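Let's take a look at the pockets of this protein together. Here are the sequence and the structure to keep beside you as you read.

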Amino acid sequence: MFVRSDDKITSKQAALFLTNTVLGAGILTLPRSVTESAKTPDSWMSVLLGGAVVLLVIWVMVKLSQQFPGKTIYQYSKRIVGIYLGGFLCTLLIIYFMIIAGFEIRVLVEITLFFLLEGTPDWAIVIPFIWVGAYLVFGGINSIARVYGIIFPISILILFLCYIFSIRVFDLNHLRPVLSEGFMPVIKGLKSTILVYTGCEVVMTITAFMQHPEHAIRAMFVGIGIPMGLYLVTVILVVGGLSIDAVVMSTWPTIDLVRSFEISGYFFERFEFPLLVIWMMQMFCNFCSFFFNASLGISQVFKLKLVPVIFGMMPLIFISTMIPKRINDVFALGDAIGIMGVILFILVPVLLSVVMIIRKKGLKQDV
């Protein structure tokens, strides 16, 4: 048995699972990357437009998955396009999830070293997170979703407090003029927004674990709508608080925004450290989602038991985490993941949907 048959999640847990999968390091880096691409104050429009495109893709993913109740992408892709092509697509997805898992841990390490534990060896941070992540993944998707239900409200509470207090440094003039150079800068900014939405491919696996898969579209739209709203608010507040020039020059613009104000008389006078500590937990959730999906893929594609696969994945993720040597290498890897995400967005759900539609029409004509 590769996955327990009773390992199911509710619609709310499925939505939260998708939210925690998509909501990660992008909160800290998106304002810089999208503003650097757009080069205008209209970068927030790129986030909104990118989210609309992702909603359409998720609708296709859910509709495709609902045609095969209880089956993940790793199982039904072979039934649609055959064993070899299906196996190839699944292998791409597995590699993709594994690389993103390593990327998320590496970003977490960079933030920890820069702000909290300067001088600590990389491996001393990476290994504990991988071990704890493996322990959580052992419990299955329901255990993961339960942990997400604890961490997510705390993360959002701290983030909202930071946003509320940051309004005092917000300047609406930093977001003007609107569309001064037309709509083309908004299109250019789309490339940078893809990275923060990568990971929504997990829709094609978690739908199979839902107790009520008929509610999947609503659950997945809620799950992607929450990070979409948070990313939009983040870009607006960061650009409005720091200005375009300051955002482009900053490595972690969201943290710089939080550091730009001080609240006297409160338990926390400066909020960057509570935000960093809590957001490390959020990024850990992000990592566990990809760890689980990569392990599940190997288990189902190659018909192996899940527990040995999880153990085997640990050194592979460690290697992928340690490959980037500098922070610029990490950001370059992030751009490469964004390109991979675009390709998989188009290649996997659209290709499988088109082939299935053609095959259905051919069967009807034969009858």
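In the second largest pocket, α5 supplies the largest share of the lining, with 4 residues. Please keep in mind that this is a predicted model. The volume of the second largest pocket is about 150 Å³, and its lining consists of E110, L113, F114, F115, S250, T251, W252, D256, R259 and I327. Two elements, α5 and α12 (253-259), each give two or more residues to that lining.

Now for the largest pocket, which has a volume of about 490 Å³. Its lining is made up of 32 residues, and the closest to the pocket centre are S33, S192, L195, G334 and D335. Several helices take part here: α1 (11-22), α2 (26-38), α5 (83-116), α8 (184-197), α13 (272-301) and α15 (327-366) each contribute two or more lining residues. Which element gives the most to the lining of the largest pocket? That is α15, with 8 residues.

If you are tracing the chain, α5 is a handy element to follow: α5 is listed among the contributors to the largest pocket and also among those of the second largest pocket.

Technical notes
Residues are numbered from 1 along each chain as its sequence is written. This is a predicted model: local features need pLDDT of at least 70, side-chain atom pairs count only at pLDDT 80 or more; totals for chains, interfaces and linings use all residues. Side-chain values use heavy atoms; hydrogens and water are left out. On a 1 Å grid over the protein atoms alone, a cavity is a set of points where a 1.4 Å probe fits but cannot get out, and a pocket is an open set with protein on both sides within 12 Å along at least five of seven lines; lining residues have an atom within 4 Å of a point. Grid points are joined across faces, edges and corners, and a volume is the space filled by probe spheres set on the points.
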